[in-house]
Amino acid sequence: MSDELVVRPIGRVESVLTDRKDAPRQADEGAPDAWLVFDEEVRAGLADLGVGDELLLITWFDRADRDVLAVHPRGDEDRPLTGVFSTRSPDRPNPVGLHRVTITAVADLRLQVGHLEALDGTPIVDVKPVLGEATER
């Protein structure tokens with residue numbers, strides 16, 4: 001069994017956010033709309049997505065510090081150091097981003113979503129639907 005894990009981007013985020021210092025910490029703290037721009041190779045996987053669909057977007061925070069194991073929550077030095085696995089800090093050993101978003105527009109290989117705090121150019125790893133009640137699945 002190999003310890004190797006291979007993850008390849010399937011697209012990138014296109015956003016007005018370009019610098020971490022300007023990005024909100026969470027989507028509901030003023031994050032702008034953004035576009036998810038997918039690679040041609042995954043076109044068939046996007047076929048059934050439409051405006052109004054809720055998604056779990058999985059990204060890779062490629063500008064994160066992967067050596068961080070403890071942070072002051074929300075960067076507040078008055079708060080005690082806390083293990084990163086108890087926080088939503090982007091700095092962590094495997095900087096996976098998890099975002100709940102809603103599609104607001106579709107244009108070919110581009111999905112516009114509301115309120116995304118990821119930076120411009122952030123790699124997209126995967127997209128999954130938000131599941132409804134068991135009777136709706």
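The following legends describe close-up views of a predicted model of the protein.

**Figure 1. Overall composition of the predicted model.** The protein contains 8 strands and 0 helices, and its order along the sequence reads β-β-β-β-β-β-β-β. Of its 137 residues, 35% count as buried. Considering contacts between residues at least 6 apart in sequence, 75% join residues at least 24 apart. The protein exposes about 8,800 Å², of which carbon and sulfur atoms supply 50%.

**Figure 2. Strand E3 and its pairing with E6 and E8.** Strand E3 spans residues 54-60 and runs antiparallel to strand E6, residues 96-107, with 7 bridges joining the two. Within this pairing, glutamate 54 has threonine 102 of E6 as its bridge partner. E3 is also joined to strand E8, residues 123-129, by 5 bridges, and these two strands likewise run antiparallel. Here the bridge partner of threonine 59 is isoleucine 124 in E8. In a regular strand, side chains alternate between the two faces of the sheet.

**Figure 3. The largest nonpolar core.** This core comprises 18 residues, and the members that touch the most other members are Val13, Leu36, Phe38, Leu57, Leu111, Leu116 and Ile124. At least two residues of the core are supplied by each of E2, E3, E6, strand E7 (110-113) and E8. The largest share, 3 residues, comes from E2. Ile124, listed above among the core residues, is also the residue of E8 that bridges to threonine 59.

**Figure 4. The surroundings of leucine 116.** Leucine 116 belongs to the group of core residues that touch the most other members. Leaving aside residues up to four places away in sequence, leucine 116 touches Val13, Leu17, Ala31, Pro32, Ala34, Leu36, Leu57, His99 and Val101.

**Figure 5. Serine 15 in the loop between E1 and E2.** Serine 15 lies in the loop that links strand E1 (11-14) to strand E2 (34-38). Is serine 15 buried or exposed? Serine 15 counts as buried because its relative accessible area is 10%, and the cut-off for buried is under 20%. A polar atom of the serine 15 side chain lies 3.0 Å from the backbone nitrogen of leucine 17. Not counting residues up to four places away in sequence, serine 15 touches Pro32, Ala34, Ala118, Leu119 and Asp120.

Terms used
Residues numbered from 1 in each chain as written. Predicted model: local features only at pLDDT ≥ 70, side-chain atom pairs only at ≥ 80, totals over all residues. Heavy atoms only, no water. Pairing = 2+ DSSP bridges. Helix = DSSP H or I, 4+ residues; strand = E, 2+ residues; numbered from the N terminus. Buried < 20%, exposed > 50% of the residue type's maximum accessible area, 1.4 Å probe, protein only. Contact = heavy atoms within 4.5 Å. Areas by Shrake-Rupley, 256 points an atom, 1.4 Å probe, with all protein chains shown as cover. Polar contact = N/O pair within 3.5 Å; in protein donor to acceptor, adjacent residues only side chain to side chain. Core = buried A, V, L, I, M, F, W, Y, C linked by side-chain atoms within 4.5 Å.
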